[in-house]
Amino acid sequence: MPMGISVMELLAIGIFLVGAIAITMSVVINRRRAGITKAPPYAPEELDGALRELIRRDRKIQAIKLLREHTGMGLKQAKDAIDGLAAGRPLHPPVTQQHAPPQEDLATRVRRLKESGRTEQAVFLVRGETGMDEAGATLFVDSL
């Protein structure tokens with residue numbers, strides 16, 4: 001055992017690693033079950049068609065995620081846009097005019113919520129973005 005590292009610290013590191021692996025596996029398995037793979041990069045004119053196809057196949061959640069990945073929209077804005085597409089309205093403003101702002105990774109946003117005492121919102125955020133169940137999302141938030 002290296003000097004300066006206690007058994008408790010090693011145990012904590014081990015628990016963290018096991019939790020991280022379990023969370024990663026859960027996300028991968030859930031995505032495979034749902035038939036979701038990493039979204040290919042779409043040209044703006046192709047994105048509209050891909051979104052409409054997902055809506056046609058009754059996969060609105062995946063359409064919302066795809067739109068958010070390609071535009072940087074917030075969850076509510078993307079949901080409203082997808083609901084509008086499903087109702088036959090065009091995307092406004094058109095996707096070609098939007099510029100995706102750089103978005104912080106999930107872990108950074110979760111840490112920020114957790115540090116401000118909003119752990120429940122952090123769990124909700126993880127569940128919404130990954131599809132994890134509450135236990136897995138709680139484990140992820142607690143590990144940060």
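**View 1. The whole chain and its surface.** The protein chain exposes about 9800 Å², and carbon and sulfur atoms supply 60% of that area. The model shown is predicted. Seven helices and zero strands make up the count for the protein chain. Read along the sequence, the pattern is α-α-α-α-α-α-α. Of the 144 residues, 27% count as buried. Now take the contacts between residues at least 6 apart in sequence: 50% of them join residues at least 24 apart.

View 2. Find Ile82 in helix 4, which covers residues 75-86. Is Ile82 buried or exposed? Its relative accessibility is 0%, so Ile82 counts as buried. The cut-off for buried is under 20% relative accessible area. Which residues does Ile82 touch, leaving out those up to four places away in sequence? They are Leu51, Ile55, Lys60, Ala63, Ile64 and Leu67. Ile82 and Arg52 are 30 residues apart in sequence. In space, their C-alpha atoms are 8.6 Å apart.

**View 3. Helix 5 against helix 6.** Two packed helices are described by the angle between their axes and the distance between the axes. Here helix 5 spans residues 106-115 and helix 6 spans residues 119-130. Their axes come within 7 Å and cross at roughly 160°. Angles over 145 degrees count as roughly antiparallel. Helix 5 and helix 6 are therefore roughly antiparallel to each other. The crossing of helix 5 past helix 6 is right-handed. On the helix 5 side, the contact is made by Leu106, Arg109, Val110, Leu113 and Lys114. Helix 6 contributes Thr119, Gln121, Ala122, Leu125, Val126, Glu129 and Thr130. By class, this contact of helix 5 with helix 6 has six nonpolar, three polar and three charged residues.

**View 4. Helix 5 against helix 7.** Helix 7 covers residues 134-143. How do the axes of helix 5 and helix 7 cross? They come within 9 Å and cross at roughly 80°. Angles of 65 to 115 degrees count as roughly perpendicular. So helix 5 is roughly perpendicular to helix 7. Leu106, Ala107, Val110 and Lys114 of helix 5 make the contact with Phe140, Val141 and Asp142 of helix 7. By class, the residues of this contact of helix 5 with helix 7 are five nonpolar, no polar and two charged.

Key
Residues are numbered from 1 along each chain as its sequence is written. This is a predicted model: local features need pLDDT of at least 70, side-chain atom pairs count only at pLDDT 80 or more; totals for chains, interfaces and linings use all residues. Side-chain values use heavy atoms; hydrogens and water are left out. Axes are lines fitted to C-alpha atoms, for helices over the stretch in contact, and angles run from 0 to 180 degrees between N-to-C directions. Helices (H or I, at least four residues) and strands (E, at least two) are DSSP runs, numbered from the N terminus. Angles under 35 degrees count as roughly parallel, over 145 as roughly antiparallel, 65 to 115 as roughly perpendicular and the rest as oblique. A crossing is left-handed if the near helix is turned anticlockwise from the far one by less than a right angle, and right-handed if clockwise. Contact means heavy atoms within 4.5 Å. Ala, Val, Leu, Ile, Met, Phe, Trp, Tyr, Cys and Pro count as nonpolar, Asp, Glu, Lys and Arg as charged, and the others, Gly among them, as polar. Buried means under 20% relative accessible area, exposed over 50%, partly exposed in between (1.4 Å probe, protein chains only). Accessible areas come from the Shrake-Rupley method with a 1.4 Å probe; for residues, only the protein chains shown count as cover.
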